[in-house]
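Subject: Structure handover and notes

Dear colleague,

Here is the structure we spoke about, ready for you to open beside this message. Please have it on screen while you read the notes that follow.

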Amino acid sequence: MTMPPSEHQPNRHDEHLTDADLNELVDGTLTSRALERAQAHLLSCQECDAHYQTLQATVTALRQAPSLMPRRSFELTPEQAKRPDPVPSRFDRFADWIVPGIPVIKLATIAVALLFVSVTAFDVLTNQSGQNDMGQSTSLQRQTDLPAPAAQNAQTESTEAPVFGESNASISDDSDSEIALETTDVTGGAAESDAASDSNSSSAMQEAPAAIQQPALAASPTAESTSFVSPTGTPERSVTPSPSATPAAESDGWSANFALSNWRIAELGLLMVLIWLLVSWVGRSRVGQDDE
Amino acid sequence: MVFRRGKNADPPDNSVQDQDERLIFAAARGDLDAFNKLVTQNERSVLNLCWRMLGTLPEAEDACQDAFIKAWTNAGSFKGGAVRPWLFRIATNTCYDLLRAKSRKPTGSLDAIEFETDPGWSTQSDAVDPVRFAETGDLSRMLESALTQIPDEQRLAVTLCDIQGLPLAEAALVMDTSLGTVKSRLFRGRAKLRDLISASPAGRELLLHGVRSSTRESE
């Protein structure tokens with residue numbers, strides 16, 4: 001063994017040599033100056049000299065250690081030299097795993113596609129018939145939700161051709177009732193007629209707001225249920241118009257549900273199509289490799 | 001078991017190194033004959049390395065064969081340079097795998113190493129002093145026994161640098177470590193071997209006698 005010259009400087013001659021010093025001395029890699037110092041110390045130190053001698057003998061014995069002669073040849077036979085197949089890539093491992101199941105996956109994809117078509121058709125058919133049923137139920141609902149006769153009359157009156165004088169008051173709200181009163185005052189007339197007209201207008205005014213409120217409530221699909229005081233004095237709860245209460249509202253809600261459920265099914269169907277394409281691609285590529 | 005004495009390994013010259021390189025590159029291209037030529041040139045040193053690491057001959061032979069099979073399989077990974085450190089690196093890793101699998105140190109028993117003559121083996125051709133041969137044989141036995149009792153890394157350093165004769169730089173490649181670390185392990189291994197052999201008076205005497213004999217010969 002050859003070692004490069006060491007830069008290690010041994011201790012002064014009065015200090016014991018370290019193992020590194022002794023090894024460097026055995027290998028002959030100390031510089032000339034360091035060598036002189038080490039040899040001078042060994043002459044004066046029996047302990048270090050003994051260590052050096054035994055270390056040198058050990059290294060010499062190691063370098064002269066006998067070596068085995070092989071009992072047999074280690075040349076490779078053709079069987080031993082057969083190189084293993086390269087480690088398959090992740091893609092190859094995936095393909096090996098999925099290729100045997102391709103027929104099953106294809107059948108499953110066809111089944112899911114048929115299911116998708118049947119569910120969609122069923123959904124379309126049921127929603128069409130449901131729409132017809134909804135229309136009938138809405139009209140029935142309106143009839144059952146009519147208010148009390150007094151209120152009903154006020155309602156019908158309000159829907160009929162309004163009288164001019166009263167109509168102003170009927171259309172107006174509380175703030176406008178003052179204008180109607182003033183109008184009646186301006187037009188003048190006898191006190192009796194004024195009183196009569198006042199009473200008529202006041203009654204009309206009482207009924208009109210109620211009459212106005214009801215159609216307004218019915219017209220708004222999003223109106224919350226409100227309580228109002230009917231001319232009879234009893235609070236009644238107006239019917240909350242559901243989204244299906246009117247044809248326009250019904251169709252919007254129904255179409256929203258229809259779109260939401262079909263969208264989900266469409267997502268599943270698209271996923272199946274993608275899996276089909278992936279499996280087909282993997283299968284074709286593996287077949288191509290096998291052919292090669 | 002018959003041993004051939006003398007220097008265990010001649011330092012390879014450039015021509016040998018170039019030849020080994022050509023052989024390994026041919027093996028990488030699938031030339032089994034070229035690889036087997038390389039095996040024949042290096043099987044002795046690889047076997048001895050495995051034997052020093054594992055301590056028993058059957059295990060050493062198995063490890064040696066495995067090492068050459070791995071070298072053939074991975075011939076394509078050889079990038080050039082000295083082939084012997086590359087082979088030794090594969091053999092060392094194979095031995096470490098076996099040691100890890102067994103999770104034990106090689107036995108320190110002298111019975112594991114038998115000096116016996118096998119007709120199938122080549123016999124010693126050098127003329128030597130029988131007394132000296134016997135003493136060397138005893139010292140070798142003690143040395144082999146002591147080798148099994150030092151840590152694996154120190155044993156590998158001593159085997160590569162002192163027994164196999166590898167330069168420090170090549171030993172660092174085999175051990176996949178720095179020059180300083182190889183030197184440190186080598187020095188500590190030598191010191192431990194010296195202490196183990198010197199622990200017995202007979203060992204100390206053999207060591208000193210060996211020194212005295214070599215001193216007389218040099219004079």
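Predicted model: local features only at pLDDT ≥ 70, side-chain atom pairs only at ≥ 80, totals over all residues.

Residues are numbered from 1 along each chain as its sequence is written, chains are lettered from A and ligands numbered from 1 in the order in which they are written, and side-chain values use heavy atoms, with hydrogens and water left out.

Chain B overall

Chain B has nine helices and one strand (helices are DSSP runs of H or I with at least four residues, strands are runs of E with at least two, and both are numbered from the N terminus). Read from the N terminus, the order of these elements is β-α-α-α-α-α-α-α-α-α. Of its 219 residues, 48% count as buried, where buried means under 20% relative accessible area, exposed means over 50%, and partly exposed lies in between, with a 1.4 Å probe and protein chains only. Chain B exposes about 10100 Å², of which carbon and sulfur atoms supply 52% (accessible areas come from the Shrake-Rupley method with a 1.4 Å probe, and for residues only the protein chains shown count as cover). When contacts (heavy atoms within 4.5 Å) in chain B are taken between residues at least 6 apart in sequence, 71% of them join residues at least 24 apart.

The cores

The largest nonpolar core holds 66 residues, and those touching the most other members are Ile24(B), Phe35(B), Cys50(B), Phe68(B), Trp86(B) and Leu160(B). Such a core is a set of buried Ala, Val, Leu, Ile, Met, Phe, Trp, Tyr and Cys residues joined through side-chain atoms within 4.5 Å. Helix α2 of chain B (residues 32-54) contributes the largest share of this core, 12 residues. Leaving aside residues up to four places away in sequence, Trp86(B) touches Ile24(B), Ala71(B), Asn74(B), Ala75(B), Ser77(B) and Phe78(B).

The interface with chain A

At the interface, 56 residues of chain B are in contact with 39 residues of chain A. The two chains bury about 4500 Å² between them, 62% of it on carbon and sulfur atoms (buried area is the accessible area, with a 1.4 Å probe, that two parts lose on being put together, summed over both). The rule finds five salt bridges across this interface, a salt bridge being a side-chain nitrogen of Lys or Arg within 4 Å of a carboxyl oxygen of Asp or Glu. It also finds 13 residue pairs in polar contact, both residues at pLDDT 80 or more (a polar contact is a pair of N or O atoms within 3.5 Å; within protein, one must be able to donate a hydrogen and the other to accept it, and residues adjacent in sequence count only if both atoms are side-chain atoms). On the side of chain B that touches chain A, α2(B) gives the most, with 11 residues.

The salt bridges

Over all chains, a search of the whole structure finds 13 salt bridges. In one of them the side chains of Arg63(A) and Asp162(B) meet at 3.8 Å, N to O, and this pair crosses between chains, from helix α3 (residues 46-63) of chain A to helix α6 of chain B. Arg63(A) is partly exposed at 28% relative accessibility, whereas Asp162(B) is buried at 3%. Both belong to a network of salt bridges that links Asp27(A), Arg63(A), Asp162(B) and Arg190(B).

A further salt bridge brings together Glu61(B) and Arg71(A) at 2.9 Å, N to O. Glu61(B) lies in helix α3 of chain B and Arg71(A) in the loop between β1 (67-68) and α4 (90-98) of chain A, so this pair also joins two chains. Here Glu61(B) is buried at 9% relative accessibility, while Arg71(A) is partly exposed at 44%.

Helix α6 of chain B

Within α6(B), Asp152(B) forms a salt bridge with Arg155(B), the closest N and O atoms being 2.7 Å apart; the two are three residues apart, about one turn of the helix. Asp152(B) is buried at 18% relative accessible area, and Arg155(B) is buried at 0%. Because 11 of its 12 residues are buried, α6(B) is largely enclosed by the rest of the structure. After α6(B) comes Gly165(B), whose phi is positive, near 80 degrees.

With best wishes
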